[in-house]
Amino acid sequence: MKPQSTAMGDNMISMEEALRIIQANTARPRVQECSLEEATAKYLAEDIRAPEPSPRYTNSAMDGFAVRLEDIREAAPEAPAVLKIVGESRAGVPFSGSVQSGEAIRINTGAMLAKGCDTVVRVEDTEEAENETVRILTTKRHGQDVRHRGEEFGLNDPLLAQGTRIAAPQAALLAAVGIERLKVFAPPRIALAVTGSELAAPGVTIADHQIRDSNMIMLKSAVQEAGATLVSANRVDDDFRTTVEVVEQAAKTADIILCTGGVSVGRHDNVKEAAEANGFAPLFWRVLQKPGKPLYFARKGETLLFGLPGNPVSAFMCFTHYIRPLLGALSGRPFGWPTISAEATADIANSGKRAAMVRVRLKRDDDGVHHIHEVEQQGSHMLTSLCFADGYIILGPQQTLSAGERGKVYLFDFQKETT
């Protein structure tokens, strides 16, 4: 597939155009077969039909006695039906005979219902007597406390649809019907390169001219939260040759390369040139947005490369709005974000010339209405604007979301449903 791009000159593109280009250059998700144990948190790449019914056999829902309804139809505490106990059916050890008129068998929850029986009477509605007999004190209906073969689902009934996330309940269901291997969408492979000679790694004595690196742990966590696989992570000084080598190595194993820093216009911003030296075709650079204007996107074959801004808030906002939904699409999900409609408590204005991703908090009132509160500190270096926010709204240039007006909030928590 030939890369689809826009003009790279000095013109910035809109957020909508950036998303269009990213989606147009997204490869089809890879499919892999794996064991059920390896499938946790992955998404099904196939529809699953039941290879057997559930329950597999008719069984008891309670501890008690399996009987024939015709023998106990008139049973009452003052006139109990008396039946002979001829055996027992336990879970994993069924009764091998057939129950005849006037007979009953003890039965445990989950045990196979014996031939001839059609009803289970709970222990508390019986009294065991001498000579291996039981008094049935009451009965309610035919088929009482019986789980019939196939009542949950039958052979070849649909179980799970393509795109379903395998969590604990889904894994249990598949195990219950004997499915050991299945096809899933392979998690996208991510290589991370954090550039900047000023960055100090954790545990290293920091010099006066350095800052502590927060982008590495932030993006590692973001990649893992998205269900992707991190194949490499490197800190890179502002050196062109080193940056070229890191990009070259990353391209050998990764579906997506994420670089932070080095995408602006400074003499030591090397990411764009290093990508192009490795044969990546630039698709866009700079987006009409705040934060995150110097976002860079390139492609080589099926491998994508993003150059994120070095400021941590800018990097995170670009990751959340552009890369997180891309990782979802590569994992077999729709490209998109969880959103919620909420009401502004006060005017929120964008007086700038670029679209603004404004971080906001949500509060729900007693009537269940969500209200938007703008986070006070919006600087691209202020990580508290992320920690104290539930998501963000997008305001166009010179746009105001007025008090009482409803707006769409893009949620940071991608596990929530869109409403």
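This report describes a sheet, a pocket and a pair of helices in a predicted model.

**The sheet**

Strands of a sheet pair through backbone hydrogen bonds, in either a parallel or an antiparallel way. Here, three strands form an open sheet in the order β1-β13-β2, and their pairing is antiparallel. β1 (31–35) and β2 (43–44) are the edge strands, each with a single partner strand, so one side of each has no neighbour in the sheet. Between β1 and β13 (residues 181–185), which run antiparallel, there are five bridges. In one of these pairings, glutamine 32 has valine 184 in β13 as its bridge partner.

**The largest pocket**

The largest pocket holds about 610 Å³ of space. Its lining has 41 residues, and those closest to the pocket centre are Pro291, Gly292, Asn311, Ser314 and Ser380. The table sorts the lining of the largest pocket by class.

| Class | Lining residues |
|---|---|
| Nonpolar | 12 residues |
| Polar | 18 residues |

The most comes from β25, which gives four residues.

**The helix pair**

Two packed helices are described by the distance between their axes and the angle between them. The crossing of α1 past α7 is right-handed.

Key. Residues numbered from 1 in each chain as written. Predicted model: local features only at pLDDT ≥ 70, side-chain atom pairs only at ≥ 80, totals over all residues. Heavy atoms only, no water. Pairing = 2+ DSSP bridges. Helix = DSSP H or I, 4+ residues; strand = E, 2+ residues; numbered from the N terminus. 1 Å grid on protein atoms, 1.4 Å probe; cavity = no way out; pocket = protein on both sides within 12 Å on 5 of 7 lines; lining within 4 Å. Points joined across faces, edges and corners; volume = space filled by probe spheres on them. Nonpolar A, V, L, I, M, F, W, Y, C, P; charged D, E, K, R; others polar. Left-handed = near helix turned anticlockwise from the far one by under 90°.
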